[in-house]
Amino acid sequence: MAWDILIRNIKGLVQTCDHTTGAITGASMATLPVLENSYLAISNGLIEAYGTMDTLPQSATAKTEIDASGRFVFPSFVDSHTHLIFAASREEEFVMKIKGATYEEIAAKGGGILNSAKKLQTVSEDELFAHAMVRINEIISTGTGAVEIKSGYGLTVKDELKMLRVAKRIGKESPLTVKTTFLGAHAVPRDKTKEEYIDLVIKEMIPAIAEEKLADYIDVFCEQGFFSQAETERMVGEGKRFGMKPRIHANQLHRSGGVQAGVNTGALSVDHLENIGDEEIEYLKNSSVMPTALPGAAFFLGLPFPPARKIIEAGLALAIASDYNPGSAPSGNMQLMLSLACIKMKMTPEEAINAATINTAVALELENTHGSISKGKVANVFITKPMSSVAFLPYAFGSNCIETTILSGNVIS
Ligand code: NIG
Ligand code: FE
């Protein structure tokens, strides 16, 4: 047996499963399979074999052998919601927030999404790519192996196309698996009425993006002051006709009808959920939409956190993503998202890890290739520093617990 990589003596191999289970829901989220004293073999970029050390064939050899004594091996995180292509940070708004301004007040003063759009429109595709790659390398170093990237800071046909071309290029030139989402309906630009802009999204942006095959998904910021439930359903309905499945920014600031729009249109996920009640939870029960919490955004904006316990206790699945963006979540560190999920949303470490691996993989239709240690899946894994238990990772908030990163079977660092 000659493998490409053999990792031996793993203290705990996390999230092992030999069959594709789909989303992990409700009470099952509390269970996380961890194989103690184990090995993991990788060949041709894929997970080839794993098991306990006593089942490792004596003849086993590999081009690269790694001793993981005292260390855990995790499947890389799948981050199912980011806006990591942007031209500039917005720390001036951060200071306004510290002094008491709300998200809406900042937007009214020329900040917010329109501020990011103004900056992005002046930057070339190459520059944008270079900026984004810095963030890509940063999220690789904190454990992400697959990522969804949205447009939505272009707000013109030309600039939305520019963003999505950059996202596609990241998929080709970085070691990450990338899914792309068209979020033209992120805000209404100042030179248009809402009706005019919705018209542009439907009649020009969606067809142009579909023509170049630039987006897997379509998203809308369904929120008071942005786009209503009816407008959301109309635009994602149009996206669906062009092959883009919906995922919705839902219920971040208000009970916006976003969850209902997601369920009604058969969305893959409804994301944010800071403002949901029993009605939205009931609605989700009759669907396969993945509820997705973005704890970094709730933390940064000082919003109430999504009611994770209620969602899980209702028997639903829950996913966790970073929302990495310059306005409301300037971090794509999924380890930190796990800490926030545990500390602020009262999820157990096992629930949080399920939420950020297999459940986000389901939300991105990557469950057959990512999100768990399974034979035949893409070899996207990280080896931790020496740790006493799996719970140490979310417990040690702000630390980087990762020592070695392997993506598509290549040791990255
Ligand atoms: O997911 N809520 C809408 N979009 C982003 C924030 C965008 C921004 O402020 O730039 C979010 O939080
Ligand atoms: Fe977002």
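The crossing of α6 and α7 is right-handed, a crossing being right-handed if the near helix is turned clockwise from the far one by less than a right angle and left-handed if anticlockwise. The model is a predicted one, in which local features need pLDDT of at least 70, side-chain atom pairs count only at pLDDT 80 or more, and totals for chains, interfaces and linings use all residues. Residues are numbered from 1 along each chain as its sequence is written, chains are lettered from A and ligands numbered from 1 in the order in which they are written, and side-chain values use heavy atoms, with hydrogens and water left out.

**Helix packing**

Two packed helices are described by the angle between their axes and the distance between the axes. Helices here are DSSP runs of H or I with at least four residues, strands are runs of E with at least two, and both are numbered from the N terminus. Helix α6 spans residues 194–211 and helix α7 residues 229–241; their axes come within 10 Å and cross at roughly 15°. Each axis is a line fitted to C-alpha atoms over the stretch in contact, and angles run from 0 to 180 degrees between N-to-C directions. The two helices, α6 and α7, are therefore roughly parallel to each other (angles under 35 degrees; over 145 is roughly antiparallel, 65 to 115 roughly perpendicular, and the rest oblique).

On the α6 side, the contact (heavy atoms within 4.5 Å) involves Lys194, Glu195, Ile198, Asp199, Val201, Ile202 and Ile206, which meet Glu231, Arg234, Met235, Glu238 and Gly239 of α7. By class, the residues in the contact of α6 with α7 are five nonpolar, one polar and six charged. Here Ala, Val, Leu, Ile, Met, Phe, Trp, Tyr, Cys and Pro count as nonpolar, Asp, Glu, Lys and Arg as charged, and the others, Gly among them, as polar.

Helix α5 (residues 157–173) also packs with α6: the axes come within 10 Å and cross at roughly 35°. This crossing of α5 and α6 is right-handed. Val157, Glu160, Leu161 and Leu164 of α5 make the contact with Leu200, Glu204, Met205, Ala208 and Ile209 of α6. Seven nonpolar, no polar and two charged residues form the contact of α5 with α6.

**Salt bridges**

There are 26 salt bridges in the structure, each defined by a side-chain nitrogen of Lys or Arg within 4 Å of a carboxyl oxygen of Asp or Glu.

| Pair | N to O distance |
|---|---|
| Arg165 and Glu212 | 2.7 Å |
| Asp191 and Lys192 | 3.7 Å |
| Arg234 and Glu195 | 3.8 Å |

Arg234 in helix α7 and Glu195 in helix α6 are 39 residues apart, so the pair links distant parts of the chain. Arg234 is partly exposed at a relative accessible area of 40%, and Glu195 is partly exposed at 45%. Buried means under 20% relative accessible area, exposed over 50%, and partly exposed in between, with a 1.4 Å probe and protein chains only. Asp191 is exposed at 60%, whereas Lys192 is partly exposed at 29%. Glu148, Lys150, Asp219 and Arg247 are linked in a network of salt bridges.

**His272**

His272 lies in strand β12 (residues 269–272). With a relative accessible area of 1%, His272 is buried. Leaving out residues up to four places away in sequence, His272 touches His249, Ala250, Gln252, Thr292, Ala293, Leu294, Ala297, Pro306 and Asp323.
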